[in-house]
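Subject: Structure handover

Hello,

Here is the structure I said I would pass on. My notes follow below it.

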Amino acid sequence: MDINETTKINLLYNFYHSLLTKKQSQYINLYYVEDFSLSEIAEQLDVSRQAVMDNLHRSVSLLESFEKELGLVQKTQEIDDIASLLDRIVLTKYPKDKELVELVRRISKINEK
């Protein structure tokens, strides 16, 4: 499993897990978050390895379709990028404006959460 693919799916899962069924969420959590193997999941859930793969593929497809429709991950990344740019601009061009610097720091703290 590609680390970038895993990171992407974990990010999608963080945003959209509540839109999945309990079963779908369980499969994604065990495989991508807890790093269980397909065989370990199959054994734990008393299903075939193929059933695990099928459920994972369907669940990942759902997460990707949620992002395609809602775009929350993309919008959040854009907001983070803008906040970082704003932070750099304010600190380089307006470092003496205490009120502005404080507002930018508050935005940065919110984005860190």
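The count of salt bridges comes to one, where a salt bridge is a side-chain nitrogen of Lys or Arg within 4 Å of a carboxyl oxygen of Asp or Glu. The side chains that meet in it are those of glutamate 64 and lysine 8, at 3.0 Å from N to O. Helices (H or I, at least four residues) and strands (E, at least two) are DSSP runs, numbered from the N terminus. Glutamate 64 is partly exposed, with a relative accessible area of 30%, and lysine 8 is partly exposed as well, at 37%. For these labels, buried means under 20% relative accessible area, exposed means over 50%, and partly exposed lies in between (1.4 Å probe, protein chains only).

Before the rest, two notes on the source. This is a predicted model, in which local features need pLDDT of at least 70 and side-chain atom pairs count only at pLDDT 80 or more, while totals for chains, interfaces and linings use all residues. Residues are numbered from 1 along each chain as its sequence is written, and side-chain values use heavy atoms, with hydrogens and water left out.

The chain as a whole

The chain has six helices and zero strands. Its radius of gyration is 20 Å, whereas a compact globule of 113 residues would have one near 13 Å; the radius is taken over C-alpha atoms, and the globule rule is 2.2 Å times the number of residues to the power 0.38. Along the principal axes, the C-alpha atoms fill a box of roughly 65 × 25 × 25 Å. Of the 113 residues, 27% count as buried. Among the contacts (heavy atoms within 4.5 Å) with a separation of 6 or more, 53% come from residues 24 or more positions apart.

The core

The largest nonpolar core has 19 residues. Such a core is a set of buried Ala, Val, Leu, Ile, Met, Phe, Trp, Tyr and Cys residues joined through side-chain atoms within 4.5 Å. Ile28, Tyr32, Val52, Leu56 and Leu63 have the most contacts inside this core. Helix 1, helix 2 (22–33), helix 3 (38–45) and helix 4 each supply at least two of its residues.

Leaving out residues up to four places away in sequence, isoleucine 28 touches Tyr13, Leu20, Val33, Leu56, Ser59, Val60 and Leu63. The buried residues of helix 2 are Gln24, Ser25, Tyr27, Ile28, Leu30, Tyr31 and Tyr32. Glutamine 24 has a relative accessible area of 17%, so this residue counts as buried. With residues up to four places away in sequence not counted, glutamine 24 touches Ser59 and Leu62. After helix 2 comes aspartate 35, whose phi is positive, near 65°.

Aromatic pairs

The structure holds three aromatic pairs. Rings of Phe, Tyr and Trp (its six-membered ring) pair if their centres lie within 6.5 Å; planes under 30 degrees apart count as stacked, over 60 as edge-to-face and the rest as tilted. Tyrosine 16 and phenylalanine 66 form a tilted pair, with 5.9 Å centre to centre and 50° between the planes. This pair links distant parts of the chain, 50 residues apart: tyrosine 16 is in helix 1 (residues 3–16) and phenylalanine 66 in helix 4 (residues 49–70). Tyrosine 16 and phenylalanine 66 are both buried.

Tyrosine 31 and tyrosine 32 form an edge-to-face pair, at 4.8 Å centre to centre and 90° between the planes. Tyrosine 32 counts as buried because its relative accessibility is 11%. Ring pairs also link Phe15, Tyr16 and Phe66 into a cluster.

A buried charge

If residues up to four places away in sequence are not counted, glutamate 67 touches Leu12, Tyr16, Leu72, Val73 and Gln74.

Regards
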